[in-house]
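I opened the structure today to look up a few positions and wrote down what I found for each. My notes follow.

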Amino acid sequence: MEQGREINAQSVMEQLAEAFLELEASKEAFECKIEWAEIEQHFHNLEATWKKKLEELEAKEREYEEEESGMHKVLAERQAAVASKEQDLSDRVQDLKDAAIATIAEARVNHQTIAFDNVDDGESKYNKVSGSLGDTAFQEEDFPPKSGKNYDGVAVEFRPRPELTHFCEQMDAKSLLTFIMENENNLSVIREEMSVALESATEPARLVLDSLEGFYPINDTAELKDNMDAALQGMHRSCTIIMEALANLFASADSGADPFLNPEFKQQAKAIADEWKPKLASANIDAANGNSLEAEAYLQLLSTFRIASEFDEEELCKLVIAVARCKRAPELCRSIGLTHKVPAIVELLIKDGKTIAAVDFIHAFQLEESFPTVHLLKEYLKNIRRNSQVKAGNVDDVNDANARELAALKTVINRIKEYKLESDYPLDSLLKRVGQLEKSKSTDRKISGEFNKRPQSKKPRTSAGYFSSRSSGGRAASSGVIGRQRPPVRAAYSGLQNRYPSQVIYAQPPNTALPNQGHYVGSSL
């Protein structure tokens with residue numbers, strides 16, 4: 001046992017010596033390694049390097065994005081410039097066409113004049129015959145005038161309808177309004193007769209005020225408005241005509257006298273205007289696109305009873321713009337004292353695209369020097385053509401674009417004739433374009449009509465089918481014939497064959513039963 005203990009102690013001592021040697025070796029190895037601060041610094045340097053590279057990449061990305069946006073901007077500008085040049089060239093070509101057409105028309109007129117002069121130089125028998133009839137034959141002055149005057153040039157006095165006079169004499173505003181609404185197709189004549197008919201009323205102003213009681217319904221709900229929309233429009237239009245007639249009656253009286261208008265009537269009119277004002281604000285008059293009947297009636301009320309000075313001018317200007325497309329809008333604007341606001345109104349109309357209404361205001365207030373009318377009309381037609389070119393996609397879009405252009409051309413032609421602008425804006429090119437559009441429109445209608453009238457082709461029936469299947473199922477057939485037999489065909493009229501090529505004409509009457517039908521088919525076949 002003692003020997004064993006000595007051996008164990010010796011082995012333990014040996015193990016301790018080995019461990020000590022390993023510890024010494026590891027200590028020497030640890031002393032050879034770098035310190036922790038150096039390791040930490042190394043990783044900080046790596047992080048800084050990566051951050052710097054990331055910033056460089058982000059800077060390059062921003063540069064590329066800026067370059068890309070710049071290129072897109074340049075491309076957009078170039079596209080806009082190309083489109084503008086194309087449109088300018090198109091307008092230039094159209095102007096050259098118009099000038100060429102005008103030149104050709106002028107040359108044709110000059111040629112016809114020269115030809116007529118050459119014919120008149122010769123003293124033929126036709127000249128002698130015409131001279132024997134008198135030099136004043138077929139002159140325009142010999143015909144009666146067409147301006148509503150008689151042969152002596154005296155204005156013809158007309159009488160209003162008996163119903164209008166009767167209702168005015170009885171001061172029956174409700175019946176008067178109903179009569180005008182029922183004769184809506186003759187409003188142009190009634191408008192002229194009302195001024196004369198109101199003279200028979202004992203108190204014309206009171207009669208007009210009484211007629212305005214039903215302008216807005218008492219139960220003013222959205223559902224009621226939808227159901228009575230047409231009736232309300234007729235009511236508004238009729239009330240406006242009555243107020244307009246009263247204004248004409250006041251104008252025909254002595255200036256400053258106002259025999260039919262007193263402060264009491266003005267106060268009542270002011271109360272009605274105050275009642276209408278909030279309803280106008282909620283009526284969305286801008287949606288009427290310059291044809292608001294409610295705004296027109298409101299302005300006519302202020303004009304007729306001469307109370308416009310008690311309301312804000314800016315609000316009245318908005319209402320004038322809301323009725324700008326009405327023919328009487330310039331007159332209403334003048335009657336309510338907004339003449340000094342007309343240049344600003346014209347600018348707003350041009351900005352909103354209501355060029356025709358702006359032209360009406362320009363000529364009504366003689367503002368041609370500030371706003372050249374011919375230039376505005378030409379730009380208006382150019383914009384119509386540009387919009388038509390942009391929106392034209394399929395056949396329906398092309399037809400709609402042509403219809404819009406045709407309506408715009410007719411409107412411009414009417415304004416040129418009305419305001420005597422033929423010398424500055426010749427009509428030859430416009431009339432030719434109108435002819436082209438109307439011809440295209442009639443051609444489209446003709447093609448559509450022929451397509452609708454085209455006969456429908458009928459599907460031919462097979463000769464064998466139900467009856468052959470029944471016959472083949474075990475039913476006896478005589479003479480070896482199975483199935484339905486085709487009846488004999490007679491020669492049809494050649495015209496019917498050309499018109500109905502797919503139909504077969506049978507010799508038998510339609511109610512006659514065919515062979516081998518049996519009880520499967522009734523006599524109605």
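**Entry 1: helix H9**

I located Ile242 in helix H9 (residues 229-252), taking helices as DSSP runs of H or I with at least four residues, numbered from the N terminus. I am working from a predicted model, in which local features need pLDDT of at least 70, side-chain atom pairs count only at pLDDT 80 or more, and totals for chains, interfaces and linings use all residues. Residues are numbered from 1 along each chain as its sequence is written, and side-chain values use heavy atoms, with hydrogens and water left out.

Is Ile242 buried or exposed? I noted Ile242 as buried because its relative accessibility is 0% (buried means under 20% relative accessible area, exposed over 50%, partly exposed in between, with a 1.4 Å probe and protein chains only). Leaving aside neighbours within four places in sequence, I found Ile242 in contact with Leu176, Leu177, Ile180, Met194, Leu198, Val208 and Ser211, where contact means heavy atoms within 4.5 Å. The C-alpha atoms of Ile242 and Ile180 are separated by 9.2 Å, although these residues are 62 apart along the chain.

**Entry 2: helices H12 and H15**

In helix H12 (residues 313-322), I listed Leu316, Cys317, Leu319, Val320, Ile321 and Ala322 as the buried residues. Their cover includes helix H10 (263-281), helix H11 (293-304), helix H13 (329-335), helix H14 (342-351) and helix H15 (355-364).

I then turned to Thr355, which lies in helix H15 and counts as buried at 10% relative accessibility. Beyond its neighbours within four places in sequence, Thr355 is in contact with Leu349, Leu376 and Tyr380.

Conventions. Helices (H or I, at least four residues) and strands (E, at least two) are DSSP runs, numbered from the N terminus.
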